[in-house]
Amino acid sequence: MSLRQFEYALAVAEEGSVTAAAEALRVAQPSVSQQIRGLERDLGVELFSRTPTGLVPTVAGRAFLRDAEIAVNAARRARATARAGAEELAGELVVAVQMGLGTRQLPGALSALRRRFPRLEVTVFEEPNPTELERLARGGVIDLALMAGPCDEGLYDGHHLGDEEFVVVLAAGHPQLAADRVALRDLEREPWVRFDPASALDGVLVEVLRENGLAPTTVARVSQTATAVRWAAHGLGVTFVPASAVPPGHEHLVRPVSPAVSQPVVAAVRPGAGPAETALLEFLRQETWYRFAQSWVAPPSTASSAPVV
């Protein structure tokens, strides 16, 4: 088996046919067909079912393709690292972000990284649930993850960037906006816009409410923090997110809570990280991570002051 065969199989799975895969790969169709047949022969299984609408991965094929993608991504990173010289780093950097952490900080850090390594491509996985995040990490897919620590030190090294305070988002005209901080117990009768049950963010919300003797009434569940903020702003219910996850234009509708709730923001980086991960970690360290004192101070806009290095 070869990485080329893996790449061809992944292209067929994505495109749904040998013809389309050959076009995407810019190779002749017979070459793709021959490589797929050879791969299936070597594995002793059928990777694709032939259907009237195209090629569909079999059960064995789906299992194989998951590992094939890991192998191809690892090979690409290895090639990029080996070829990296001064400003010539190329390839793909994969970043995962949990709980809306770094919403304001990550764009500036990535912009600075892009200026240093203009040929580098960045893929960001937003809000993977903890199980999916662990699967991606153990598969070696993720280069850097932003998460509320701790991380699995066996797979990744954790670097504490700062502490992120959580805030409650209220609708315009809500009486609690008159307070500098909102007592969680004053939200006892409020409906809540929550997150996917398996998400780390919903886990934080449930734990915080339970600690304060509250049982949330759920009116909606969403997967993205920005969606939760916008729905809360329109009066559907209140929600609870990291301060930096509040989209610009909604700062006047958020308040820190009492008792204060904060989480450490940890950058999880693989041991022996390459130049791209190391540079991104340094740029993230230069960003501001928000923790508030007695009164609410709105974070600045998303425009970053990260220096060009």
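**Group meeting: salt bridges, a helix and a pocket**

The count comes to five salt bridges, where a salt bridge is a side-chain nitrogen of Lys or Arg within 4 Å of a carboxyl oxygen of Asp or Glu. Some housekeeping first. This is a predicted model, so local features need pLDDT of at least 70 and side-chain atom pairs count only at pLDDT 80 or more, while totals for chains, interfaces and linings use all residues. Residues are numbered from 1 along each chain as its sequence is written, and side-chain values use heavy atoms, with hydrogens and water left out.

Now the pairs. Side chains of opposite charge can pair when their charged atoms come close. Take R50 and E40: their side chains meet in a salt bridge at 3.6 Å, N to O. R50 sits in strand β1 (residues 48-51) and E40 in helix α3, so this pair ties together parts 10 residues apart in sequence. Helices (H or I, at least four residues) and strands (E, at least two) are DSSP runs, numbered from the N terminus. Buried or exposed, for R50? Exposed, because its relative accessibility is 51%. E40 counts as buried, at 11%. The cut-offs: buried is under 20% relative accessible area, exposed is over 50%, and partly exposed lies in between, with a 1.4 Å probe and protein chains only.

Next, E251 and R104. Their side chains form a salt bridge at 3.0 Å, N to O. E251 is in the loop between β10 (239-242) and β11 (254-258), and R104 is in the loop between β3 (91-97) and α5 (105-116), so the pair ties together parts 147 residues apart in sequence. Both E251 and R104 are buried.

Then R181 with E165. The closest N and O atoms of this salt bridge are 2.9 Å apart. R181 is in the loop between β6 (157-169) and β7 (182-183), E165 is in strand β6, and the two are 16 residues apart. E165 is buried, at 2% relative accessibility. There is also a network: R194, D202 and R221 are joined by salt bridges that share partners.

Back to helix α3, residues 29-43. What should its 15 residues span? At 1.5 Å a residue, 21 Å, and the end C-alpha atoms are 21 Å apart, which agrees. The expected span is 1.5 Å times one less than the number of residues. Its buried residues are V32, S33, I36, G38, L39 and E40. An α-helix has 3.6 residues a turn, so residues three or four places apart point the same way. Just after α3, G44 takes a positive phi of about 75°.

On to the surface. M1, L43 and V45 make a nonpolar surface patch of about 260 Å². M1 is in the segment before α1 (3-15). M1 counts as exposed, at 60% relative accessibility. Patch residues have over 30% relative accessible area and no salt bridge; like charges are joined within 9 Å, nonpolar side chains (Val, Leu, Ile, Met, Phe, Trp, Tyr) within 5 Å. Areas come from the Shrake-Rupley method with a 1.4 Å probe, and for residues only the protein chains shown count as cover.

Last, the largest pocket. Its lining has 21 residues, with L10, E14, E69, N73 and R76 nearest the centre. Elements giving two or more residues to that lining are α1, α2 (18-25), α4 (59-83), β3, β4 (120-126) and α6 (130-138). Which element gives the most to the lining of the largest pocket? That is α4, with six residues. A pocket here is an open set of points on a 1 Å grid over the protein atoms alone, where a 1.4 Å probe fits, with protein on both sides within 12 Å along at least five of seven lines; lining residues have an atom within 4 Å of a point.
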